[in-house]
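Subject: Handover of a structure, with notes

Dear colleague,

Please find below the structure that I am handing over to you. My notes on it follow directly after.

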Amino acid sequence: MIGVAPPAYDPAAPTTAHTLPVGAPATVRAYVAELFRRHRRAFLLLIAVNTVAVVSSMAGPYLLGGLVERVSDGARELHLGVTVAFFLLALAVQAVFVREVRLRGAILGERMLADLREDFLVRSVGLPPGVLERAGTGDLLSRITTDIDRLANAMREAVPQLAIGVVWVALLLGGLVVTAPPLAAAVLLALPLLVVGCRWYFRRAPAAYRSESAGYAAVAAALAETVDAGRTVEAHRLGARRVELSERRIKEWTAWERYTLWLRSVLFPVINVTHVTVLASVLMVGGVFVLQGWLGVGQLTTGALIAQMLVDPVGLILRWYDELQVAQVSLARLVGVRDIEPDAGDPATAPDGRDVHADRVHFGYVEGVDVLRRVSLEVAPGTRLALVGPSGAGKSTLGRLLAGIYAPREGRITLGGAELSRMPAERVRSHVALVNQEHHVFVGSLRDNLLLARPDAVDAELWAALGAVDADGWARALEEGLDTDVGSGGLALTPAQAQQIALARLVLADPHTLVLDEATSLLDPRAARHLERSLARVLDGRTVVAIAHRLHTAHDADVIAVVENGRISELGSHGELVAADGAYAALWRSWHG
Amino acid sequence: MQIQHLPYPDPGVPDARSGPRFLWWLGRNQLRGQLVSLAWGLLHFGSVSTLPFCVGFAVQAVVERSGARLALAGGLMALACVGNAVGDTFLHRAAVTNWITAAARVQQLLARKATQLGSALTRRVAAGEVVAVSTGDVEKIGWFVEAVSRFTAAAVTIVLVCIGLVVYQPALGVVVAVGLPVLAVAVLPLLPRATRRADFQREKAGYATELASDTVAGLRVLRGIGGEELFLARYRRASQEVRHAAVRSARMWSLISAIQVLLPGLLLIAVVWYGVQLARQGRITVGELVTVYSSVMILTYPLRHFEEIAMAYSFSRPSAKRAARVLSLERFMDAEGADGGSLGGAGEDARAGSREATHAGSREATRVGELPSGDLYDPATGLLAPSGRLTAVVCGDPDAAGRLAERLGGHPSEKGTSVLLGGVPLDELPLDRARAAVLVQDKDPVLLSGSLRELLDVPASGKVRAEAALAAAQCEDVLAALVQGSLDADDPMDARITERGRSLSGGQRQRLALARSLITDPEVLVLDEPTSAVDSHTEARIAEGLRELRAGRTTVVFTSSPLLLDRADRVVLVHEGEVAAVGVHRELVHKEPRYRAVVTRETEEEAALSGVLNEFDVDELDELDELDEIEETA
């Protein structure tokens, strides 16, 4: 059997639930239209420059045609000097403008690409915190890396090159019509084959290339994981399986390579035959016309040479067209972020006071499944409340509701009498901050890492904040001080130092209420104890809701709430709960011995 | 090698002595493919080069008013058309096949090397380099290896056409034959600069991507505390820098394009100028003039291969060098003499068998199929983990605990006295067998991506079912979270775990890793802080589950959590690299202040006290050092 069927396994198929929307065709179209409008001038300029370049490129065939005509007629005066001078002039113009075309194309492409990636990040950082908590950052991350990467080629090359190619073909055909209309008609003889072949190809190609590149990325990803997990792989004796996995990925990838190779094995002959058919039909039809005396030899020569020139722009269009189709999918994913409504909140809603109140709150992530049921709670200003309970009981969810990240399905959560879920995110965070185990240290200077909490802070304030969390010791020892580059690629900070930076940010942001979700859980116990002393200083005077996973945190709290199965089962101070001899008391005894 | 037969059953042993040798080795191993590509390339380029002759022939036929010869020209074109289409398609197929087989071979070599290096990778800078070779260098290496035969075909064609033109029309042919080589090499001097600019642009783009993904990765922090504008402004700056670098790079490439138009154009003009005069003198026909002109136009196509091969080589040379370096890494470069580990790396189970024989001499317990068993004893610290019992180790310094845990598994990165399992030194066992006898789960076990079933499918005794291990590690809520996060999995075993389990919380990851270790069910299981990110409620249940599941097996847990310590048969306090106390939790908590300091929360006074003690220790040490120095100088 001739032909290759597409492989059954598609590495580009999504495996995890898409949590963020993908742009609808209308949204994508509107975005593209806007992008074009923004760069209309640059587009028009590119086309103008390109027109000059193509027209001057046709001077050669035209002038040679004239010479051929006169030589074959045996004319006495050839005006060779003048012709060659024209030739040289046209060549100079062509060279200059070809350079301009490449350059203008790149400038335009780079502008559009820069617009696109900056737009996307602007949108991303405006996403509501609730959407981020729910969706995680993985999907967003793959959009800003993989999809921007794919679009880069399309914007940088495909869009300008296609614009150039289309104009180029049109002008060459126009040149043929001007030289001799019958020759232009001869070109059309080759058209049906090209159209049929390309339709067949472009229906299959974009998806196949997407799968192929996903397959190749999977080969590299498998190896990267083996390397990253070196110790685990060795400890569990997974070496042979990892080699096997890598080879399976290679098999999957090459199966797609084989399929796309088959697609091209159909497309290539079509293009080749088209090119030669164009040239041959021009020569044969034109030749017959010349023999009949309807056309001059010079016209035929010019026509044949122009037909030969069609190879380049046609190749250009075919080369970049599928890139554009692949880019469409990526664009839809990027533009999709625009479809998420930024939760505007009600600017009029402002808290009056600092007490936090939850009133008969119900909440669930999925419809019909409530994670929290009828939870009521009151936290007076300056109180320390500890939430304890088994994993999955709903402590973290309750913490996020109290921090205003999610809105309750039923019931109300208020801060100073104002409903948290109706305030803009920017206002909520000036009052309440959620501190979780994610101690992200951003790529950049130590200063940038602190400034984000209070952009107008001066260095003295930054040092004071570092001092407040016991971090000024190591920070002062840094050779470049606040200018030291940290984060991935920069100075590697220990988890404890990263945690201290997170705490210093809190000192700078200065919210009066903090929700701590296992803030020190990823640290080794000794560092955690050291940090808790810094933490104590930061917490001083603030209202604190601590999701406690170490019992001594609970021990220090004013109030302990035991969360079990979506409800608060025990509530009281340490002493009261130990005396009550319930679940908490049992746990405490085994902890403290 | 055809694509459908990939991967190679055995990718072979590469010549990794240097970059060029590695390229040569790759090319030599696909000699057949190279020859096939060369043959089709000659057909393709040859057919393309006959087109100008056809054009000239047709024009001449028309000039001479000969319909028959015009038809003959048409027939010749049809032939050229077939040769061109077949040649181009099969050249492309051969070239792509060469590229893919070379790339697949390198990827296979890398995968084998990575598993052979195993834990040595994470300790070394090499980790990043292996990945860099796989993601970036393989493509460039494949490109050059493949381009060689294509370039050869193009070069041979150009030489043949020049010879042909000189024979066919000596006067004009000479002009072309002199001009073409100039065209071929004209832009080469500009290429290094252009590629440097392109590299710079890529570097800038890489930085911008890093900033963007870093911002997104920390987005929850940003949204929670502010600073979005600061980071946007920073990204905009980086993004604009990329744009400037790209435009700068485009300036160079556009100059190259202009030269590629200008030089062939000048040659064309020379051909026209000289050719028209010859035609007028009747020395050549009009058809011949058109042929030569058309040839120059068409030959710019094979000529581009000179540029391509120059670029491919300049790109692939550093890539090949890096690949060769990575492929020549050994597990322990600094080890004195041959080390069992450096030969029988993990992942070579199949071949390890034959090698084991050479190591088996020393102890009877290393007989094939039988692993040593008994008490685990570390002579360096005096730590003893009795066979079949649950031993908890408390160590004030987490780094020291990590090193001790690593040593307990044998073949550690720092050589020293070997740990003994049932009297057998683990370091003297082949690596794979030592790992089979003792499983050390380090502080940061990595969850490999894939379905949960794949994650838990590890070499194991087969006596512990996945359900039992998951239950012991308290994974119910993890399973629920996994099902919720996956697209179409109702069975949690089909749910997918993302890379490093990033979609799960720290505590969830720890519990899954623990379940995986429990399924393995090794003779000795060493766990380093297995529940540090798990809440107390769950930790208490895990302690119970662990105890039940490992009943009768040797287990060592490094921890400072009273909930785990309370369930251990035996608790050992390691202080300053030596066993300081042995007992059970309740007893040690009351009797041993140093133990209490690590395990329970220190009060301020205690902290102050231990601070004083530490200072005292340091002073004493300094004095000792001084004494040493005095002794040495004396």
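Predicted model: local features only at pLDDT ≥ 70, side-chain atom pairs only at ≥ 80, totals over all residues.

B:H411 lies in the loop that runs between helix 13 (398-408) and strand 4 (420-421) of chain B. The phi angle of B:H411 is near 50°, a positive value in a residue other than glycine.

The peptide bond that joins B:L6 and B:P7 is cis, with omega about 0°.

Two other residues of chain B may be of interest to you. B:H585 belongs to helix 21 (residues 585-591) of chain B. Because B:H585 has 22 C-beta neighbours inside 10 Å, it counts as buried. Between the C-alpha atoms of B:H585 and B:P562 there are 7.5 Å, and the two residues are 23 residues apart along the chain.

B:D137 is part of helix 5 (residues 126-168) of chain B. B:D137 counts as buried, because it has 22 C-beta neighbours inside 10 Å. Which residues does B:D137 touch, not counting those up to four places away in sequence? They are B:A132, B:S319, B:R322 and B:A323. B:V394, which is 257 residues from B:D137 along the chain, has its C-alpha atom 46 Å from the C-alpha atom of B:D137.

As to chain B as a whole, it holds 23 helices and twelve strands. Chain B has 634 residues, and 50% of them count as buried. Of the contacts in chain B with a separation of 6 or more, 76% are between residues 24 or more positions apart.

Within chain B, one helix pair can be described in some detail. The axes of helix 7 (residues 191-217) and helix 9 (residues 228-280) of chain B come within 9 Å, crossing at roughly 160°. Helix 7 and helix 9 of chain B are therefore roughly antiparallel to each other, as angles over 145 degrees are classed in that way. Their crossing is left-handed. The residues of this contact between helix 7 and helix 9 of chain B comprise 17 nonpolar, four polar and six charged.

I turn now to the meeting of the two chains, A and B. In chain A, 132 residues are in contact with 148 residues of chain B. Helix 10 (residues 239-291) of chain A supplies the largest share of the side of chain A that touches chain B, namely 26 residues. By type, the residues on that side of chain A are 70 nonpolar, 36 polar and 26 charged.

One helix pair spans both chains. The axes of helix 3 (residues 59-73) of chain A and helix 10 (residues 286-327) of chain B come within 10 Å and cross at roughly 165°. That angle makes helix 3 of chain A roughly antiparallel to helix 10 of chain B. The crossing of these two helices is right-handed. Which residues meet there? From helix 3 of chain A come A:L64, A:V68, A:V71 and A:S72, and from helix 10 of chain B come B:V286, B:V290 and B:Y293. Six of the residues in this contact are nonpolar, one is polar and none is charged.

An unreviewed UniProt entry lists residues 43-63, 78-98, 158-177, 183-202 and 266-291 of chain A as "transmembrane region". In the model, residues 43-63 of chain A are 95% helix and 0% strand, with the end C-alpha atoms 31 Å apart. Residues 158-177 of chain A are 100% helix and 0% strand, and the end C-alpha atoms of that span lie 28 Å apart.

With kind regards

Technical notes:
Residues numbered from 1 in each chain as written. Chains lettered and ligands numbered in written order. Axes fitted to C-alpha atoms, helices over the stretch in contact; angles between N-to-C directions. Helix = DSSP H or I, 4+ residues; strand = E, 2+ residues; numbered from the N terminus. Parallel < 35°, antiparallel > 145°, perpendicular 65-115°, else oblique. Left-handed = near helix turned anticlockwise from the far one by under 90°. Contact = placed C-beta atoms within 7 Å. Nonpolar A, V, L, I, M, F, W, Y, C, P; charged D, E, K, R; others polar. Buried ≥ 20, exposed ≤ 12 C-beta atoms within 10 Å, placed from the backbone. UniProt positions renumbered as here; feature names shortened; annotations may be inferred.
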